[in-house]
Amino acid sequence: MKSFTLNLTATPDAIDELGHVNNAVWVQWIQQVATGHWDAAAPQSHKDAYIWVVVRHEIDYLRALGPGESVTARTWVADKPQGAKFDRFMEFTGADGKVHVRARTVWALLDKASGRPLRVTADVVAPFLGDAA
């Protein structure tokens, strides 16, 4: 599967009262990385016709990330969509190689014009498949 990476750094506004990246910020980063992957891999015709919405997040918070620290987010997609739903996997890894957060999110494909769910077809999946996850 073709993966996508993005480097992220914990800015002061991402830090909560416990001194680390707030859980809500991790969710925002998950969305930022997922949409970045779509923008980088999907052909313009797909971006014009379709939009994705989150149906479910499963997030494992494994270790804290402090102010000014960075992670590399890597995401990839499952190769078997279920109707309109498609699984996306994600890991946020620190410079030391340790995973801070791991997530599985489920997204649904919608027709941009009507807002109705669409079956995820092979041509929608194809730009995201190829290298190993």
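**View 1. Strand E5 and its two partners.** Strand E2 (residues 50–61) runs antiparallel to E5, and the two are joined by eleven bridges; strands are DSSP runs of E with at least two residues, and helices are runs of H or I with at least four, both numbered from the N terminus. Two strands count as paired if DSSP finds at least two bridges between them. Ile-51 has Leu-110 of E5 as its bridge partner. This is a predicted model, in which local features need pLDDT of at least 70 and side-chain atom pairs count only at pLDDT 80 or more, while totals for chains, interfaces and linings use all residues. Residues are numbered from 1 along each chain as its sequence is written, and side-chain values use heavy atoms, with hydrogens and water left out. Strand E4 (residues 85–94) is also antiparallel to E5, over nine bridges, and Lys-85 is bridged to Ala-108 of E5. E4 and E5 form a hairpin with four residues between them, and Gly-97 in the turn has a positive phi of about 85 degrees. Ten of the 13 residues of E5 (residues 99–111) are buried, so the strand is largely enclosed by the rest of the structure. Buried means under 20% relative accessible area, exposed over 50%, and partly exposed in between (1.4 Å probe, protein chains only).

**View 2. Thr-105 and its surroundings.** Thr-105 is found in strand E5 and is buried, with a relative accessible area of 1%. Its side chain makes a polar contact of 2.7 Å with that of Trp-107; such a contact is a pair of N or O atoms within 3.5 Å, where within protein one must be able to donate a hydrogen and the other to accept it, and residues adjacent in sequence count only if both atoms are side-chain atoms. Beyond its neighbours within four places in sequence, Thr-105 has contacts (heavy atoms within 4.5 Å) that include Ile-30, His-57 and Phe-86.

**View 3. A network of salt bridges.** Arg-56, Glu-58, Asp-87 and Arg-104 are linked by salt bridges, each a side-chain nitrogen of Lys or Arg within 4 Å of a carboxyl oxygen of Asp or Glu. Glu-58 and Arg-56 meet at 2.8 Å, N to O. Arg-104 and Asp-87 meet at 3.1 Å, N to O. Arg-104 lies in E5 and Asp-87 in E4, so this pair ties together parts that are 17 residues apart in sequence.

**View 4. The salt bridge of Glu-91 and Arg-102.** The closest N and O atoms of this pair are 3.0 Å apart. Glu-91 is buried at 17% relative accessible area, whereas Arg-102 is partly exposed at 36%.
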